[in-house]
Amino acid sequence: MNNRKINFDTLPSFEGEIDPTQRAWIEVSGKAIEANVRQLRSKLKNNCEFMAVVKADGYGHDAKVVSENAIKGGASQLGVATLKEGIKLRSFGINAPILVLGNLYTKKDLLICFRNNLMPTVSTFRECLICNNIGKSNNFKFSLHLKVDTGMSRLGFECDQFNQQFNIIKSLENIAVKGIYSHLACADEKNALNPKSSTQLQKEKFQELLKIIDIDNTENIKIHLANSAGMILGKDFHFDMVRVGLSMYGYSPLANINENLFLKPALFLKAKVTFVRTIEKGIGVSYGNKFVSDRKTKLAVLSIGYADGIIRNLSGKISLIHNKKLYTQVGSITMDQMMVDITDSNDIEVGSTMLLLGSEGDKSISPIDWADKCNSIPWEILCSFKNRLPRVQVD
Ligand SMILES: *Cc1c(COP(=O)(O)O)cnc(C)c1O
């Protein structure tokens, strides 16, 4: 008998050497992001700038990869939701103007924002004064964007009080207003092009306001309103800049018009088969045995589950791609694994890779398909993926 004890403390750590593609991972195509930005920019009004919205770690794609490639494609500004997201981009050496879309309301946060050369979104006169004070004590102008509410009822100055407040804000010497913007609430709805839709009314309200306020043209204040859906509605929504998220990642915000946008999904979600078994007819699969085989069934156990961000409500509703063929997921999705019916396959084995999202040959599965199946939206699907899934840039 060998009673030799292993001293684990003296063993080298191999953690950094684990292959990121050994279990489940997300492949991100930088080229697709770059191409999508170019493609979308070709639809823009002359001189209209493109802000790449990279909040929530670039909609789950890896904000660094997305930002760098969006800039290659011609994006001139970046949008993030939080201070931390902005600081992270600066730490990667990204120099483009960055707008924080969420509201910073404490002196401390606004000071950190200033020190990292990030622009806050300002929705109150109080925040303007704080920014002006920060600018003053640093002998500098604090660059920021003002937001007005035209119908979202989220952030922004009240539209009807803005004119008055803007006149005072302009007189503050230590802030530089770099943008005035608003946000659309219903641009992705089917009726958005209808002249009486709330989206058109929001645009008109914004235009009316811009007519009243006294903007000095020499100051180069960027006016912006449109998200992805707003951008697609037409050039009268473009103003000086658009703020694009979803469609830059390759998905149409309006599910029915994907074809004429020529966008390329940039994300491929993949997982490895770690086990294969065959069960007889009439055997239950996974928690609750909600799936019972109706024939002798070959199952692949896939190493991905809801702790990776796969919504459990998709159990039994999704398909996966392997070698250009579709296979049905069966039984409840578990925390870390799920089962797939591979009875009809002769080329799937332990170590095979299956594709959950993305395309291969003529087969393609998108977050829009998943969203439809679980009463969600593609935005939510994309940003539900957890950090347990390594992001791997493929080109
Ligand atoms: C997230 C966000 C966007 C981008 O929206 P998409 O629909 O993904 O294009 C634009 N503007 C603001 C203020 C946002 O919060």
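Visitor: So which pocket does the ligand take up?
Guide: Keep in mind that this is a predicted model. The ligand takes up the space of the largest pocket.

Visitor: Which elements give two or more residues to the shell around the ligand?
Guide: Those are α2, with residues 55-59, and β10, with residues 241-244.

Visitor: And how many residues surround the ligand?
Guide: There are 14 residues around the ligand, and the closest are Lys55, Tyr59, Ser228, Arg243 and Gly245.

Visitor: How do the residues of that shell divide into nonpolar, polar and charged?
Guide: You get 6 nonpolar, 4 polar and 4 charged residues.

Visitor: Back to Tyr59: how far is a polar atom of its side chain from an oxygen atom of the ligand?
Guide: That distance is 2.5 Å. Leu246 has a polar backbone atom 2.9 Å from a ligand oxygen. For Trp379, an N or O atom of the side chain lies 2.9 Å from an oxygen atom of the ligand.

Visitor: What share of the ligand's accessible area does the protein cover?
Guide: On its own the ligand has 390 Å² of accessible area, and the protein covers 92% of that.

Visitor: New topic! How many salt bridges are there?
Guide: The count is 13 salt bridges. One of them pairs Lys170 with Asp214, where the closest N and O atoms are 3.3 Å apart.

Visitor: Where do Lys170 and Asp214 sit in the chain?
Guide: Lys170 is in helix α7, residues 159-170, while Asp214 is in the loop between α8 (198-212) and β9 (222-224). The two are 44 residues apart, so this pair links distant parts of the chain.

Definitions and conventions
Residues are numbered from 1 along each chain as its sequence is written. This is a predicted model: local features need pLDDT of at least 70, side-chain atom pairs count only at pLDDT 80 or more; totals for chains, interfaces and linings use all residues. Side-chain values use heavy atoms; hydrogens and water are left out. A residue is near a molecule or strand if one of its heavy atoms lies within 4 Å of it. A polar contact is a pair of N or O atoms within 3.5 Å; within protein, one must be able to donate a hydrogen and the other to accept it, and residues adjacent in sequence count only if both atoms are side-chain atoms. Accessible areas come from the Shrake-Rupley method with a 1.4 Å probe; for residues, only the protein chains shown count as cover. On a 1 Å grid over the protein atoms alone, a cavity is a set of points where a 1.4 Å probe fits but cannot get out, and a pocket is an open set with protein on both sides within 12 Å along at least five of seven lines; lining residues have an atom within 4 Å of a point. A molecule sits in a cavity or pocket if more than half of its atoms lie within 2 Å of its grid points. Helices (H or I, at least four residues) and strands (E, at least two) are DSSP runs, numbered from the N terminus. Ala, Val, Leu, Ile, Met, Phe, Trp, Tyr, Cys and Pro count as nonpolar, Asp, Glu, Lys and Arg as charged, and the others, Gly among them, as polar. A salt bridge is a side-chain nitrogen of Lys or Arg within 4 Å of a carboxyl oxygen of Asp or Glu.
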